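Let's take a walk through this structure together, one piece at a time. Have the sequence and the 3D view open as you read.

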2 protein chains.
Amino acid sequence: LHDGTAISTDTLVAGVHFDERLSAADVGYKAVAVSVSDVAAMGATPSWVLLNLTLPAPLDTAWVEQFAKGVGQACAAWDIALIGGDTTRGPVTVVSTTVGGPCAASPLTRAGAQPGDDVWVSGTLGAAAVGYLSAAPSPEALSALRRPSPPVALGPALALRGLATAAMDLSDGLVTDAVRLARASAVALDLQRAALPLGPSLTPDDATAALTGGEDYQLLFTARPGARAALEALAQELGLSLTRIGSARAGAGLRVDGEPAPPAAFSHFGGDV
Amino acid sequence: LHDGTAISTDTLVAGVHFDERLSAADVGYKAVAVSVSDVAAMGATPSWVLLNLTLPAPLDTAWVEQFAKGVGQACAAWDIALIGGDTTRGPVTVVSTTVGGPCAASPLTRAGAQPGDDVWVSGTLGAAAVGYLSAAPSPEALSALRRPSPPVALGPALALRGLATAAMDLSDGLVTDAVRLARASAVALDLQRAALPLGPSLTPDDATAALTGGEDYQLLFTARPGARAALEALAQELGLSLTRIGSARAGAGLRVDGEPAPPAAFSHFGGDV
């Protein structure tokens, strides 16, 4: 955060963060989307992107053209400008995106949740995880994996109206990210599995994917109970769903249905990085 | 460029941009330095950095600690703050840095050189290239390769005083970068080999390294001949050297001693990327 600008940066590595399930255009789209999601979650409106691209030699120009097309589609979707970047050779494709944009109000952080707050989540969860893990994923699940659709207007609206006490986007899975929010806010969070808004074509059996799978790019936030009516009105206004999935209390850690949370599905280095 | 902020981003890949000649701390230092150099060349004062780090598993914690130490040394050297980043797993170490800072005046660009302008360069050239290419480089040459020392105060001073018509930092070698400046400004540039300020411990035989070698992180700029006295005063004030190495004229392309420029030493994909 600097000078009223929120900035976020993310790296996607071939074979780690994407594979043949994603076309070159999907990779370009998604690389922009993940940083857009994070900037919006801070209450800012994404307005520019820098792109760092490491590519193996010999250069696969068809891949690069399709990648660029996906970047352009993402920039058009959220009205952001590609303002620069760096292209280098390397043994594997690595894409880093840095997105920034102005904060219209004090930025949202992970650190403001208070005991008694409601825990909310936007949209639906789990479809990308099912798209990634399932042998025969539905078109909706694949679409969630390939073309994340973060609720970019929500963060700035929450910030402007002062409706959220803490917020973050869901990139690494609800369990992992909720633990981070709880820690940053120094509260305990209790979630209800039955309350989770499951993605299209998911069944109750997929609730674990929604808890641990990641790549949802929805907004997790906390709000005072007195904000419920205003939040429901905002959801209507923005044409998106907001669901209460739990509450905050004094203490530490995360519980789901009163039990310690299941372990996260994925960790880059077998630890908390 | 956005909202009076200049931003630059660079990627360093293990085995491509650095090897065993650089310690982990050198890599951290240099990753920050190369983006700092570019921001300052736009006439801005670097003030923050984002760091994207891709690392192979298993994690080499000793390497990461030393890398972080080098990043910290660079941040201290130029008084900039590490404000965020992303750490991911991948088959090879990749470091992307994004540096930004405020412009105190209209930014310097590559596009303003006019026929009749002088061509100037700060500091000395070629030491890093000799440090990279020589079988037995001098300590000075190795230091230039490992710990680039861009003249960070120069770009902002040139911008504030309106002394430069165009500017860029020298990262890929004088020949490659001068061609870019000439093209962006739609002028021809004529350079004199004998005028090049060679780095410490270099001999006249090293002039080709100074022309084509890269990694100088000095400032290449153009200025009206009427600015000579003001530039010499600025050099004194900042305690650095500024050298006139040629001039701009109507036309296109780059000549050295009246001949077409020698080919650049290095290109990532065998072409202009």
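This is a predicted model: local features need pLDDT of at least 70, side-chain atom pairs count only at pLDDT 80 or more; totals for chains, interfaces and linings use all residues.

Start with chain A. Here you'll find an open sheet of four strands, and if you walk across it the order is S1-S4-S2-S3, with mixed pairing. S1 and S3 of chain A sit at the edges with a single partner strand each, so one side of each has no neighbour in the sheet. Going from one strand to the next, the twist averages 10°.

Now zoom in on one of the pairings. S1(A) and S4(A) run in the antiparallel sense and are joined over nine bridges. If you'd like a landmark, look for Thr5(A), which stands opposite Pro102(A) in S4(A).

Which helix lies across S2, S3 and S4 of chain A? That's helix H2, residues 61–78 of chain A, and it runs at about 165° to S2(A).

Over to chain B. Its open sheet is made of four strands in the order S1-S4-S2-S3, and the pairing is mixed. The edges are taken by strand S1 (5–13) and strand S3 (81–89) of chain B; each has a single partner strand, so one side of each is left without a neighbour in the sheet. On average, neighbouring strands of this sheet are turned by 10° against each other, direction ignored.

Most residues other than glycine have a negative phi, and most peptide bonds are trans. With that as background, look at Ala57(A) and Pro58(A): the bond joining them is a cis peptide bond, with omega about -5°. Pro58(A) lies in the loop between S2 and H2 of chain A. In chain B, a cis peptide bond joins Ala57(B) and Pro58(B), again with omega about -5°, and Pro58(B) is found in the loop between S2 and H2 of chain B. Then there's Ala186(A), a residue other than glycine with a positive phi, near 55°. You'll find Ala186(A) in the loop between helix H6 (174–185) and strand S7 (188–191) of chain A.

How many residues of chain A are in contact with chain B? The count is 34 residues of chain A, against 34 residues of chain B. The area buried between chain A and chain B is about 2900 Å², and carbon and sulfur atoms give 66% of that.

Which strands of chain A supply at least two residues each to the side that touches chain B? They are strand S1 (5–13), strand S2 (48–55), strand S3 (81–89) and strand S4 (94–102). S3(A) gives the most, with six residues. Sorted by class, the side of chain A that touches chain B has 17 nonpolar, 14 polar and three charged residues.

Note on methods: Residues are numbered from 1 along each chain as its sequence is written. Chains are lettered from A and ligands numbered from 1 in the order in which they are written. Side-chain values use heavy atoms; hydrogens and water are left out. Contact means heavy atoms within 4.5 Å. Buried area is the accessible area (1.4 Å probe) that two parts lose on being put together, summed over both. Ala, Val, Leu, Ile, Met, Phe, Trp, Tyr, Cys and Pro count as nonpolar, Asp, Glu, Lys and Arg as charged, and the others, Gly among them, as polar. Two strands pair if DSSP finds at least two bridges between them. Axes are lines fitted to C-alpha atoms, for helices over the stretch in contact, and angles run from 0 to 180 degrees between N-to-C directions.
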